[in-house]
Amino acid sequence: MTLSPRDRFLQDHAFVTRRYFLGLGAAGIAALHMTPLGWSAEQSVDQLRKAIEKLEPWLTRQDDFQDVSRGNPKPHSIDEEKRKQVGLTRDTWRLEVVSDPDHPAELKNPLSAETGNALDFQQLMKLAETRSVRFAKVMTCLNIGCPLGNGIWEGVPMRDVFWMAQPEKNVRRVFYHGYHNDKPEQLFRSSLPVGRVLEDPFDTPPVILCYKLNGEFLTPERGGPVRVVVPEAYGFKNIKWLTHLFLSNIASANDTYAEKNNDVDSPLKTFCATLTVPRQVAAGQSIPVTGYAQVGISGLSKIQVWMHRQGESLPKDDPYYQSAPWQDAQILPAPPGRGVAWGGGLADDVIPSPTVGFDANTGQPKTWPMRFTKAHWATLLPPLDPGSYVLRCRSVDGNGIAQPMPRPFKKSGRAFIERISIQVKA
Ligand SMILES: Nc1nc2c(c(=O)[nH]1)N[C@H]1C(S)=C(S)[C@@H](COP(=O)(O)O)O[C@H]1N2
Ligand SMILES: [Mo]
């Protein structure tokens with residue numbers, strides 16, 4: 001069989017592009033072939049391939065995470081000498097695990113500075129020898145919406161340290177805070193129902209006392225020596241510079257974030273946004289678009305895009321545009337299948353074994369996309385007539401529910417539908 005130049009071009013391309021075009025299906029390929037003369041489909045494909053190759057890596061390097069830290073000074077900015085004094089280095093760190101004086105729980109063996117038995121880093125590493133857990137998680141601020149970074153977090157389950165305090169009864173919640181310059185007004189606190197600390201629902205990894213990110217000890221900026229990491233939660237539950245766990249008989253959440261009208265029980269939402277979109281294109285040119293998705297508690301089944309021509313009417317009584325003519329985009333395969341590295345500064349670019357959700361032998365993810373992490377997507381939109389357009393994208397979760405549903409409220413985590421304007425020139 002002889003191939004047309006266009007088909008040969010497609011076949012010759014990197015694995016990434018082949019995977020992408022397989023994903024497009026017959027309709028997508030047909031659209032490409034309808035490209036009018038004067039614009040080459042090869043050029044569009046090539047642009048899309050370049051955009052996919054330039055996508056951010058799946059994992060974020062520790063230093064490339066965006067930082068959301070409170071405190072004056074911010075605890076990660078104080079100098080090494082002072083950090084030693086206040087227990088923010090690995091050899092000076094201590095964790096107290098005590099009863100909440102206001103809602104006492106009964107503990108037989110509180111770990112406290114007073115009695116000299118607070119947990120130190122060496123003890124944590126001893127526990128880590130048999131108890132350490134690793135999992136991938138995207139860190140996202142409930143209010144900012146845009147993920148701060150995606151990483152492989154390693155730690156010891158919080159429950160292992162919880163049980164060292166020998167709680168007997170009256171424990172309904174665990175709350176925790178970190179170093180805050182010893183100033184009560186700078187305290188930033190989070191909390192969990194005790195059941196979440198003790199048990200992991202629906203294949204969710206445990207809540208951990210985390211000391212490594214992407215295989216390296218946590219930097220001061222990321223919350224080192226130890227921070228809490230809650231796999232399914234927004235950033236504010238992931239307390240940095242951890243110093244205290246309180247076992248409490250309080251009946252409801254007492255997170256600092258609750259005081260700011262936030263929905264503190266909200267798990268990560270599924271949503272998507274674009275990464276690269278040409279803002280001006282020529283008529284008759286197909287339009288390469290890439291983006292990311294955050295995969296929330298209900299997973300991710302589809303990414304969809306919709307080009308709305310300005311001046312044309314919007315769907316009526318339909319605030320989330322559910323009746324708009326959305327088109328499927330392609331969710332990209334896991335990085336090795338995409339011919340690119342995992343990123344994040346992983347040693348030898350290998351996912352360390354074992355990591356929850358990855359096959360211990362092959363290092364490949366068992367499912368894709370993975371819950372509580374990022375995924376990437378791409379699409380090649382068909383050529384358009386000259387005019388002004390608005391591109392929107394949305395995710396559809398594993399229950400078939402499209403963004404921003406089923407939880408559209410802003411204070412449970414931002415997930416609004418992004419809009420990008422595009423000019424198509426004659
Ligand atoms: N001790 C402490 N922990 C904290 C915060 C803080 O201000 N102080 N900010 C929280 C919030 S609101 C977010 S979104 C995440 C951000 O994590 P990152 O800075 O590692 O990206 O840290 C959380 N942990
Ligand atoms: Mo946040």
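Biologist: How much space lies in the largest cavity?

Modeller: About 360 Å³. A cavity here is a set of points on a 1 Å grid over the protein atoms alone, where a 1.4 Å probe fits but cannot get out. Grid points are joined across faces, edges and corners, and the volume is the space filled by probe spheres set on the points. This is a predicted model: local features need pLDDT of at least 70, side-chain atom pairs count only at pLDDT 80 or more, and totals for chains, interfaces and linings use all residues. Residues are numbered from 1 along each chain as its sequence is written, and side-chain values use heavy atoms, with hydrogens and water left out.

Biologist: What is the lining like by class?

Modeller: It has 14 nonpolar, nine polar and five charged residues. Ala, Val, Leu, Ile, Met, Phe, Trp, Tyr, Cys and Pro count as nonpolar; Asp, Glu, Lys and Arg as charged; the others, Gly among them, as polar.

Biologist: Switching to helix α5. Which of its residues are buried?

Modeller: F121, L124, L127 and A128, in a helix that spans residues 121–131. Buried means under 20% relative accessible area, exposed over 50%, partly exposed in between (1.4 Å probe, protein chains only). Helices (H or I, at least four residues) and strands (E, at least two) are DSSP runs, numbered from the N terminus.

Biologist: Why do they line one face?

Modeller: Seen down the axis of α5, the buried residues fall within an arc of 115 degrees, so they line one face of the helix. The arc is that of the directions from the helix axis to the C-beta atoms.

Biologist: And what is exposed on the other side?

Modeller: Q122, K126, E129 and T130.

Biologist: What do the buried residues of α5 pack against?

Modeller: β3 (119–120), β5 (147–157), α6 (158–164), β9 (208–213) and β10 (216–217).

Biologist: Now T140. Buried or exposed?

Modeller: T140 counts as buried, at 0% relative accessibility. T140 sits in strand β4, residues 133–140.

Biologist: Which side chain joins T140 in a polar contact?

Modeller: That of Q294, at 2.6 Å. A polar contact is a pair of N or O atoms within 3.5 Å; within protein, one must be able to donate a hydrogen and the other to accept it, and residues adjacent in sequence count only if both atoms are side-chain atoms.

Biologist: Last one: where is P205?

Modeller: In the loop between α7 (194–198) and β9. P205 counts as buried, at 9% relative accessibility.

Methods. Chains are lettered from A and ligands numbered from 1 in the order in which they are written. On a 1 Å grid over the protein atoms alone, a cavity is a set of points where a 1.4 Å probe fits but cannot get out, and a pocket is an open set with protein on both sides within 12 Å along at least five of seven lines; lining residues have an atom within 4 Å of a point. Contact means heavy atoms within 4.5 Å.
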